[in-house]
Amino acid sequence: FSIEMWVDTHSHIHLSKRRDGCQRDSIEFDGSISVKEEQESSLFLGPCTAGSFLMATTPDEWETLISYMDTSSPLATTLNDVSAFDETMLQACFKLPSLVAGLGIHPWYAYKYGAESMDQKVQTGIITTNISQNNGRRHSVIGAHDDQCLCRIEHKQQKQYQDQRHEQYEQHVQCQSGQCTQTSWVLQMDRLLSENKTAFVGEVGLDYKARTPETKSIHRDEQQRVFYQCLELAAKHNRPVSIHCVKAWEDICQIFKHRSSQDRQLPPAISLHSFTGSCETAIRLLRYARETDVDIFFGISKAVSMRSKKISAVISAIPLEHLLVESDERNSEKVDEDISTVIELITETKQILSYQNAITSLNQNALRWAAAIIS
């Protein structure tokens, strides 16, 4: 007898309050657990979960997730059945850690980090600075938003401004008081992606529904600035991306259209986390992905996706090879049950021969999504 095992492509189990040393049947929870205590806690995967892609929501989590990744076993040692994998997939299982670190800023928290995005783009060179002539005066055009108004600064003023900011960037490149400053997170993500070849970018994206509790507002501009910078970094380092999108599908579609028309680089693979879009949106995104040579996947979760009444129709419309399963859970106790429910739905909806065949296909999809970091 062999237990079925799968890969959870989107989880937050590192945010669980479980304390190190607790037994599965005797779990203690501490609502006031500190960041330091969370970092020292162990991560527990359910008996059916062979691997997990851990999604950061703020820069404070990045180093912690990397430490989990660095100490985890290769996926090949935790995934019990790889008999259906070809040689390429099998090699990938030995290269991919069972815990994979995602570096991202969730759109709910982007308002804390988006204010100085334009300064960081100039300083790090992530966005190319174009110099153009305008009535005999030289201007620098800096992209704060791909489709919206561009900020123009005279070349001389820009040079002076960069000189003034240089020392500040040197001073703020590291996190202070346990929280990254607005002038450091881009540099930190750039460095960590460079140093950690199996890290990916996530969770990032756009959410035009949720209001920030502190401000009671939806910070679209800050979300867009942070999101586009994360995409630039993912493209620069050739890493897959996990994208959160709520009520912002048109903007996501426009990213493909605009960047392909301008020959701008995109990340090699994208997962649309807990997909809740329509069949039409899914088909449109698949078409744009083919045109831009991006491997696109649609994450299905019990926690979010299965709340939609149209989820069966959406799963039917998306080819099996573009589906991923995810828990989107903090509580590792619930991961196996949640993912099993999603796999059962996919097996039934896609009329797959068996539950195990569905698991094998979905595990292969997870490895394809992560292919850029294990090639």
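Mentor: Let us begin with Asn365, which sits in helix 13 (residues 355–369). Helices here are DSSP runs of H or I with at least four residues, strands are runs of E with at least two, and both are numbered from the N terminus. This is a predicted model, in which local features need pLDDT of at least 70 and side-chain atom pairs count only at pLDDT 80 or more, while totals for chains, interfaces and linings use all residues. Residues are numbered from 1 along each chain as its sequence is written, and side-chain values use heavy atoms, with hydrogens and water left out.

Trainee: Why is Asn365 called buried?

Mentor: Buried means under 20% relative accessible area, exposed means over 50%, and partly exposed lies in between, using a 1.4 Å probe and protein chains only. Asn365 has a relative accessible area of 4%, so the label buried applies.

Trainee: Which residues is Asn365 in contact with, leaving aside neighbours within four places in sequence?

Mentor: Contact means heavy atoms within 4.5 Å. By that test Asn365, with its neighbours within four places left aside, is in contact with Phe297, Leu320, Glu321, His322, Leu323 and Leu324.

Trainee: What about Ser340: is it buried or exposed?

Mentor: Ser340 belongs to helix 12 (residues 335–349). Its relative accessibility is 18%, and therefore it counts as buried. Beyond the neighbours within four places in sequence, Ser340 is in contact with Trp6 and Tyr355. Ser340 and Met5 are 335 residues apart in sequence, yet their C-alpha atoms are 9.8 Å apart in space.

Trainee: How do you know how many disulfides the structure has?

Mentor: A disulfide is a pair of cysteine sulfur atoms within 2.5 Å. Searching the whole structure turns up zero disulfides. Take Cys245: the nearest cysteine sulfur belongs to Cys253 and is 8.3 Å away, and Cys245 is in no disulfide. Cys245 is also buried, because its relative accessible area is 4%.

Trainee: What makes strand 7 largely enclosed?

Mentor: Strand 7 covers residues 200–207, and eight of its eight residues are buried, so the rest of the structure largely encloses it.

Trainee: How do you know which strands pair with strand 7?

Mentor: Two strands pair if DSSP finds at least two bridges between them. Strand 3 (residues 99–103) and strand 7 are joined by two bridges and run parallel. One link there has Leu103 with Val201 of strand 7 as its bridge partner. Strand 7 and strand 8 (residues 241–246) have five bridges and also run parallel. In strand 8, Val241 stands opposite Val201. From strand 7 the chain crosses through helix 8 (residues 220–237) to strand 8, in a right-handed β-α-β crossover. Right-handed means that, with the strands pointing away from the viewer, the path from the first strand over the helix to the second runs clockwise.

Trainee: What is the omega of the peptide bond that joins Gly202 and Glu203?

Mentor: Omega is about 10°, and the bond between Gly202 and Glu203 is cis. Glu203 has its place in strand 7. Most peptide bonds are trans, and most residues other than glycine have a negative phi.

Trainee: How do you know that the span of helix 8 agrees with expectation?

Mentor: The expected span of a helix is 1.5 Å times one less than its number of residues. Helix 8 has 18 residues, so it should span 26 Å, and its end C-alpha atoms are 26 Å apart, which agrees. Of those 18 residues, 13 are buried, so helix 8 is largely enclosed by the rest of the structure.

Trainee: Why is Asn238 called partly exposed?

Mentor: Asn238 lies in the loop between helix 8 and strand 8. Its relative accessibility is 37%, so it counts as partly exposed. Phi of Asn238 is near 60°, a positive value in a residue other than glycine.

Trainee: Which residues touch the most other members of the largest nonpolar core?

Mentor: A nonpolar core is a set of buried Ala, Val, Leu, Ile, Met, Phe, Trp, Tyr and Cys residues joined through side-chain atoms within 4.5 Å. The largest one has 98 residues, and Ile252, Leu272, Leu285 and Phe298 touch the most other members. Helix 8 gives the most to this core, with seven residues.
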